[in-house]
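Hello,

Here is the structure I said I would pass on. My notes follow below it.

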Amino acid sequence: MTLKVLFTFYVPSGGVETLNKLRCESLQRNGIECHVLYLMSGSISQSPASFPVFIAPTDEDIKAVLDTHNYDAIIVTSDYLLLERLRRLGYSRILIYESQGLGTRTDARLLITEAVPFLRSYCNAVLIPPTDHLLELFISICPWLQRYVIPNIVDVQSFRHIPGEAPCDPVIAWVGRLETNKNWSEYLKIAHIIRRSKPGLHLWMFHDPNLATDEQKQLFHEELHALELHDRLNVFTNIPNHVMPVYYSSIAASGGFLLSSSITEGFGYAVAEAVCCTCPVLSTDSDGVRSFIIHNVTGKFYPLGNVEAAVNEGLELMDNLPLRNFIREQGRLHMVSRFGSDNYTQSFREMMNSFAIF
């Protein structure tokens, strides 16, 4: 009998969609049948999945999926309200809450505290990436709850350097949503000062305007023009994840880098994937990225809010070619050794076995 698992999330978007695609493909190669359920359709769908994906906004839709497929376990990512909903709709087997992308430490604490009655009443365990602040919060707020820590899976085969024509001028890129936690304002301030040393500098931003509030879009527009960067900016919307290696490789070839200005990251998929493509990264120490950024070995850190330090680190990453090449090479080696799919599958199967699901 094949083990059958359902992963759920709000919407097919960002790092969680990437994670679901990679782990479902990997787990299925190893004899675990995987399905994914989203409560809303996203603005873009990735290339066709090799596993069933359901869009189920209503109770009736969700119940139809549950009644058709006899799942051994359901992993509910971020949406603690769905735990109660699934139980109410008749699901009685293993229910695991997965903590991904909960925002800043303050936001995460607030959300986990709000989730306590749901976790206590409906949930068998929590699954988290090796992110210090999430582990600490679950230990202190939910000491009774069984915890499983599994590093997220990264597609080190597809995300690799792809040779191509280098852009004429250096590019500083940014990937995320226009929201406070992703801290786009700091990216603009850093780029503004680096441009004094690199007048040909270009800015590439990868984001989905549909996921931004009108207020954030207005603030972004105002700051972009105030810093006189509007003529330097290329915005890329809804680029399918599998095409990103081409862009990361171009950024690397331009002599530029990816900047991650986030306040907190649960993991930081865009940063990890860039490292796989030998695109140098400069990042805040946003917690989740610690699992793959080692300062001046696989990438660079700067202190959150310290624009001057970020500019200095960024210029060194562009101008110190021996260091730049070392970081690019070591970053790729580190990702391949730590984040391949086999590690995830083994850990996931061990978690299932602990519930006597084989």
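Leu82 and its surroundings

Apart from neighbours within four places in sequence, Leu82 is in contact with Thr8, Leu39, Ile62 and Val76, where contact means heavy atoms within 4.5 Å. This is a predicted model, in which local features need pLDDT of at least 70, side-chain atom pairs count only at pLDDT 80 or more, and totals for chains, interfaces and linings use all residues. Residues are numbered from 1 along each chain as its sequence is written, and side-chain values use heavy atoms, with hydrogens and water left out.

Leu82 lies in helix H3, residues 81-88. Its relative accessible area is 3%, so Leu82 is buried (under 20% relative accessible area, with a 1.4 Å probe and protein chains only). Between the C-alpha atoms of Leu82 and Tyr10 there are 9.6 Å in space, and the two residues are 72 apart in sequence.

As for the whole protein chain, it has twelve helices and 13 strands, taken as DSSP runs (H or I, at least four residues, for helices; E, at least two, for strands) and numbered from the N terminus. Of the 358 residues, 55% are buried. Of the contacts between residues at least 6 apart in sequence, 69% join residues at least 24 apart.

The C-alpha trace spans about 60 × 40 × 40 Å along its principal axes. The radius of gyration of the protein chain is 21 Å, which agrees with the value near 21 Å for a compact globule of 358 residues; this radius is taken over C-alpha atoms, and the globule rule is 2.2 Å times the number of residues to the power 0.38.

Regards

Key. Buried < 20%, exposed > 50% of the residue type's maximum accessible area, 1.4 Å probe, protein only.
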